Amino acid sequence: MKHWIKRTLFGFAGLAVVAGSIAGCAGHRHGWGGDSAEFRTKMVERVGSKLELDAAQKQKLTVLAEKLQAQRQAMRGAGGAGGAGDPRSQFKALFAGNTLDQTGAARLIEEKTAVVRTGSPEVIAAAADFFDHLNAAQQQKVRDFMDRGGRRWNRHG
């Protein structure tokens, strides 16, 4: 695999961890069943209060959350191998026969990789815009959160 593709995939994986961590701290683990706009609003408010964000920083976080949601939807919608947008069904369909559907697996990987390649620049730009506009103390809180593996903001800060 080419070096720049690896770096892009690892970068996206890192952003996915941060996004998942932010979403996790916003109450998603409690069985969130509402619409995505309401969830984003609650997430921005919760993260905003933990990081003590000002209005401009909250706006940048909102943009990041919107880009992440769009990327997530694109990932769920990519591919058609047995699930028409349901990643679990797509994956299960690869194992439906007596042998692994290697062609389908390769196609699914290609489709997901293309989605990542297409959407990553916007996600990375939004993440950078948000993070770069945090003050040093706020940036340290984000680093500490990531060091804890994305678990709860209320431990030690």
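Trainee: Why is glutamine 57 called buried?

Mentor: Its relative accessible area is 8%. Buried means under 20%. So glutamine 57 counts as buried.

Trainee: Where is glutamine 57 found, and what does it touch?

Mentor: Glutamine 57 is found in helix H3, residues 55–77. Leaving aside residues up to four places away in sequence, glutamine 57 touches Glu52, Phe130, His133, Leu134, Asn135 and Gln138.

Trainee: Which residues of H2 and H3 meet?

Mentor: From H2, they are Ser36, Arg40, Met43, Val44, Glu45, Val47 and Gly48. From H3, they are Lys58, Leu61, Thr62, Ala65, Glu66 and Gln69. This contact divides into five nonpolar, four polar and four charged residues.

Trainee: How do you know which elements have the lowest and highest confidence?

Mentor: Compare mean pLDDT. Helix H1, residues 3–25, has the lowest at 58, and helix H5, residues 102–132, the highest at 92. Over residues 25–31 the pLDDT is below 50, though this stretch has twelve contacts in the model beyond near neighbours in sequence. Where pLDDT is low, predicted coordinates should not be read in detail.

Trainee: What is the mean pLDDT of the chain?

Mentor: The mean is 78, and 68% of the residues reach 70 or more.

Definitions and conventions
Residues are numbered from 1 along each chain as its sequence is written. This is a predicted model: local features need pLDDT of at least 70, side-chain atom pairs count only at pLDDT 80 or more; totals for chains, interfaces and linings use all residues. Side-chain values use heavy atoms; hydrogens and water are left out. Helices (H or I, at least four residues) and strands (E, at least two) are DSSP runs, numbered from the N terminus. Buried means under 20% relative accessible area, exposed over 50%, partly exposed in between (1.4 Å probe, protein chains only). Contact means heavy atoms within 4.5 Å. pLDDT is the predictor's confidence in each residue, from 0 to 100. Ala, Val, Leu, Ile, Met, Phe, Trp, Tyr, Cys and Pro count as nonpolar, Asp, Glu, Lys and Arg as charged, and the others, Gly among them, as polar.
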